[in-house]
Amino acid sequence: MRTGFLSVVAATMMVVGCSSQPLTGPTEAPASAASGPDAAFGESARTMNVANYVRINAITGVVPGASCVQAASGERFYVYDISAQNPASVAYEYDGAVFHSPTAGCAPTVENPSTRGGSATGQTVLQPGQAGNLIARFDTQAFSCGRVQIDHGFKPVGGPGLLQGDFTGVFYGLVIDYGVDCGAPPTVPPGPPAPIPTPTLPPTPPLPPQSGICELKAFSRIGRITMSDGIARISLQLAPGYDNIRVFFASYGSTTPFPSTGVTFPQELFFSTQAVLVAGPAQVVTVPIAGLPWAAWQVDLVCVPPPPFLVNRQTLPRPIIKAAFGNNPR
C-alpha cells in the first residue's frame, strides 16, 4: 500500500453529497472523457458517480452545500473518509493533487500542481475486484495566500493523473480561498500554529434509526481489534433477535506515553465513527488511530456518543464493548 495524497476539484459534491450512504450509478463506465479544471463539473461526472472505473461507495467530510470555502473562517484540516470499490480488471490507485493560484477567489484553477499540504493513508491501491477505505487530509496552513483547489480521483496504477493534467478520474473537489492575493500585505497577522495537528471531525452522516438496545448480549460475535495503515478495524455480528443497533468507534490520543500497566489520562478525542448494525452477516467498523505526534492512542467501541475528552476512568463511556491501546513509535 502506498501513501499518497488527496485530490479534490470543486463540484462533484453534487455527486457524493455529504452523506456516507452508498452512491448509486453504473460501476463500469468512465466518469467523463473531459479534461481540464472544469472536468468534474460536467453533467456526466455528476450522474455516473464513478471515478474512471472505480465506484465511490461513500465519502464523509464533504463541506455541505459548498464548492468554495474561506480559509480564514473554515477549518485548518479537511478530512475525508472515502469508501471505494474497483470492479474493473486492472488495478487503480488513489490520485490526488493540490493546485495553487496566487490570485484569491473561488474560480477553479489548475495552476502550480503539487501535493503540498495533502496526505492519504489506508487502501490507496485497489486491485481488481477489491474494495477498501482510505483517509485523505489537507492542511490549509500549507498556504497563506491566493487560492487552492484540492482534487480527489483514481487512476490506473502507474498511469497519468491529475499532476499530469489528466482529470478523467476526478470524483470530488473543493476550492479554498485565502482572501488575499500573494504578495499583497496581510490584513490580519497569522496566529500561532496549533501545537498538535488534530484533524477536524467530519459531520456525522444520517443513519437509520436504532430499533434495539446496544448492550453486550446484543452481539453473537465480537472480533479482535486489528490495526493496519493507521486504521483500526473490528468485525461484529448481532445476536438473534437484534437489529439496527447503533455503535460508536472512538479514537483518542494522549500527549504522554502509556506505561506498561495500562492507559493514563487525560486523552483527547481524535476521531469517531458510528454505524448502525443490522441482522445478518458480520459487519466491519473502522476508525483512524491517533498517530504521531500523539505519543499514545486508544480506541473504544461503545454504545453511546464518545465525550471529547477523557479525564479519568469515570469519564469512559459505558458499556465498552471492546478496546485497544498502545504507544506510537518515536
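**Strands, cores and disulfides**

User: With which strand does β16 pair over two bridges?

Analyst: This is a predicted model. Strand β16 covers residues 267–277, and its pairing over two bridges is antiparallel. The partner is β19.

User: Which are the edge strands of the open sheet that has β19 in it?

Analyst: Five strands form this sheet, in the order β19-β16-β15-β18-β20, with antiparallel pairing. An edge strand here pairs on one side only. The edge strands are β19 (309–310) and β20 (320–327).

User: How many residues are in the second, separate core?

Analyst: Phenylalanine 219, from the largest core, touches residues including Leu236, Val247, Leu277 and Ile321. The second core is separate and includes Val69, Tyr92, Val98 and Tyr172. Its residue count is 31.

User: Is the disulfide of cysteine 68 and cysteine 106 left-handed or right-handed?

Analyst: The sulfur atoms of cysteine 68 and cysteine 106 are 2.0 Å apart. The pair links distant parts of the chain, with cysteine 68 in strand β3 and cysteine 106 in the loop between β5 and β6. The torsion about the S-S bond is about -70 degrees, so the disulfide is left-handed.

User: Is cysteine 182 buried or partly exposed?

Analyst: Cysteine 182 forms a disulfide with cysteine 145. Buried means under 20% relative accessible area, and cysteine 145 is buried at 16%. Cysteine 182 has a relative accessible area of 29%, so the residue is partly exposed.

User: How many residues apart in sequence are the parts that cysteine 214 and cysteine 303 tie together?

Analyst: Cysteine 214 and cysteine 303 form a disulfide, and both are buried. The torsion about their S-S bond is about -60 degrees, so this disulfide is left-handed. Cysteine 214 lies in the loop between β11 and β12, and cysteine 303 in the loop between β18 and β19, so the parts they tie together are separated in sequence by 89 residues.

User: What pattern do the disulfides follow along the chain?

Analyst: The structure holds three disulfides. Bonded cysteines are counted along the chain. The pattern is 1-2, 3-4, 5-6.

User: With which side chain does the side chain of asparagine 57 make a polar contact?

Analyst: Asparagine 57 is found in strand β2 (residues 54–60). Its relative accessibility is 17%, so asparagine 57 counts as buried. The polar contact is 2.9 Å, and the partner is the side chain of arginine 55.

User: Which residue's side chain is joined to that of glutamine 149 by a polar contact?

Analyst: Glutamine 149 lies in strand β10 (residues 147–156). With a relative accessible area of 0%, glutamine 149 is buried. The polar contact is 3.2 Å, and the partner is aspartate 151.

How values were computed:
Residues numbered from 1 in each chain as written. Predicted model: local features only at pLDDT ≥ 70, side-chain atom pairs only at ≥ 80, totals over all residues. Heavy atoms only, no water. Pairing = 2+ DSSP bridges. Helix = DSSP H or I, 4+ residues; strand = E, 2+ residues; numbered from the N terminus. Buried < 20%, exposed > 50% of the residue type's maximum accessible area, 1.4 Å probe, protein only. Polar contact = N/O pair within 3.5 Å; in protein donor to acceptor, adjacent residues only side chain to side chain. Core = buried A, V, L, I, M, F, W, Y, C linked by side-chain atoms within 4.5 Å. Contact = heavy atoms within 4.5 Å. Disulfide = S-S within 2.5 Å. Lists of a residue's contacts leave out its neighbours within four places in sequence.
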